Amino acid sequence: MLQIKCPWCGLRDETEYKYGGQAHVAYPEDPAALSDEEWAQYLFFRDNPKGPFAERWVHSGGCRKWFNAVRDTRTYEVLAVYTNNDPRPEISPEITATGVAAGGQ
Amino acid sequence: MANSMPGEHPEWLWRDPDPKSSYDAVVIGGGGHGLATAYYLAKNHGMTNIAILEKGWLAGGNMARNTTIIRSNYLWDESAAIYEHALKLWEQLPEELDYDFLFSQRGVLNLAHSLQDVRDSVRRVEANRLNGVDAEWLTAEEVAKVCPIINISPDVRYPVLGATYQPRAGIAKHDHVAWAFARACDAMGVDIIQNCEVTGFIKDGNRVTGVETTRGRILSDTVGMVAAGHSSVLAEKAGFRLPVQSHPLQALVSELYEPVHPTVVMSNYVHVYVSQAHKGELVMGAGVDQYNGYGQRGSFHVIEHQMAAALELFPIFGRAHLLRTWGGIVDVCPDASPIIGATPVDGLYVNAGWGTGGFKATPAAGWVMAHTMATGESHELNQPFGLERFTTGHLIDEHGAAGVAH
């Protein structure tokens, strides 16, 4: 089971969280102006990288707040957590997972 | 199978060739679907100067990790057509491939536990019948006649209210299926090249002309991506996106027991599917882990949840011992239906997005993928499953029939 550090509540078991998929996908500014192809991209296409992935989680069994995490999809290690207001942190390959996760956001 | 003395290595079922510099067609992925694609390219379309490129060993991905269930009782016409085509092929393949891969049509029960489940199930039975797929609605008492070890007591949290039943469904021994296809491919001249990872695509303008691999450059004007969980990774190398997300999907087996479970039981509601392999293991699967992952492993609480569901349905399993758990990587589409057809790159075709249910479709996926690669046009069975459906909006929503794992 994953352990994920909620920015507000601290380290908790994965079972307290729900997954929200790719982070930083903004609602289109002018939806009516989108072509069918652009609308399809917004609705159905998400990044699916093998490696660090910025994604959304909600602490549904705790504070019920949404936040973002960068997690490595190969190892499942959570490399960083940060609030929705923060930009995606730079993940340097040299940073150990424990160092970043412990520092948290 | 070859006769051999004890201690002597049996005869290989296929050669282990070095890659040639070019082929008429290349299939990326040596799992069930890739093998079936190559088999039908050779058999149906006379293309024998072709290669299967497998980054690991033959059938070591999801083909080695599935729960071997075969059925065709999907809701929508498009799905029923392709899965039923697969089932009809399964019925003739042991003889055609001259290989007894233990295809056993022991039926599948899809349980209903709520009034909505019952309504959806009866609707699916009727839809199946209209499409020529064998299907029946069984009451709880009839369910117990088919599978006496199911607990149909009304005194449980999620009582069994009935089930759909497809008698022609069943299981097959997954690795034997792969070996059967591999032997047949090899006999027709197909090169099966293992430990050969595709690292990039060679293009002339927007047309694929070959692939770069860990065993050198291989030229071909016709390339098929059949890489399941790694489809997005390959697509990115080719310069486009797929609407799939890769998730870990776990399964497990018990120790060996005497035959107690005569059929296949699936329950979307309590979230488990169970059958008993010929050797005697109880084979169980459940849902995907919620997060994206390429790690071929998942979280233990998912297994705990599925064991709880299995015990509610089968109290007799209370003393069964877990032997082994494992995970595979499945590429899930937004509508729980696969993608088979052209890509934005000319000459490059994709078969992906089968999510948690690709094994059952193996022969039909190969059949239509081979047709698409050989002719450049979709077969009528995979025409509805093209990438363009995400733009037109003509989705094929099979979350109900794909069921448990989504």
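Contact here means heavy atoms within 4.5 Å. The model is predicted.

**Stop 1: B:Leu109.** Select B:Leu109 in chain B. It is found in strand β4, which covers residues 108-112. Is B:Leu109 buried or exposed? Its relative accessible area is 0%, so B:Leu109 is buried, a label for residues under 20%.

**Stop 2: the surroundings.** Which residues are in contact with B:Leu109, leaving aside neighbours within four places in sequence? Select B:Leu138, B:Val143, B:Val146, B:Cys147 and B:Ile150, which are among them.

Now draw a distance from B:Leu109 to B:Thr263. The two are 154 residues apart along the chain, yet their C-alpha atoms are separated by 7.6 Å.

**Stop 3: an annotated span.** Stay in chain B and select residues 26-69. UniProt lists them, in an unreviewed entry, as "domain: Rhodanese". The span is 32% helix and 18% strand. Its end C-alpha atoms lie 28 Å apart.

**Stop 4: chain A.** Switch to chain A and colour by secondary structure. Two helices and six strands make up its elements. Follow the sequence and the order reads β-β-β-α-β-β-β-α.

Next, colour chain A by accessibility. Of its 105 residues, 37% count as buried. The chain exposes about 5900 Å², with carbon and sulfur atoms supplying 49% of that area.

Last, show the contacts in chain A between residues at least 6 apart in sequence. Of these, 43% join residues at least 24 apart.

Definitions and conventions
Residues numbered from 1 in each chain as written. Chains lettered and ligands numbered in written order. Predicted model: local features only at pLDDT ≥ 70, side-chain atom pairs only at ≥ 80, totals over all residues. Heavy atoms only, no water. UniProt positions renumbered as here; feature names shortened; annotations may be inferred. Helix = DSSP H or I, 4+ residues; strand = E, 2+ residues; numbered from the N terminus. Buried < 20%, exposed > 50% of the residue type's maximum accessible area, 1.4 Å probe, protein only. Areas by Shrake-Rupley, 256 points an atom, 1.4 Å probe, with all protein chains shown as cover.
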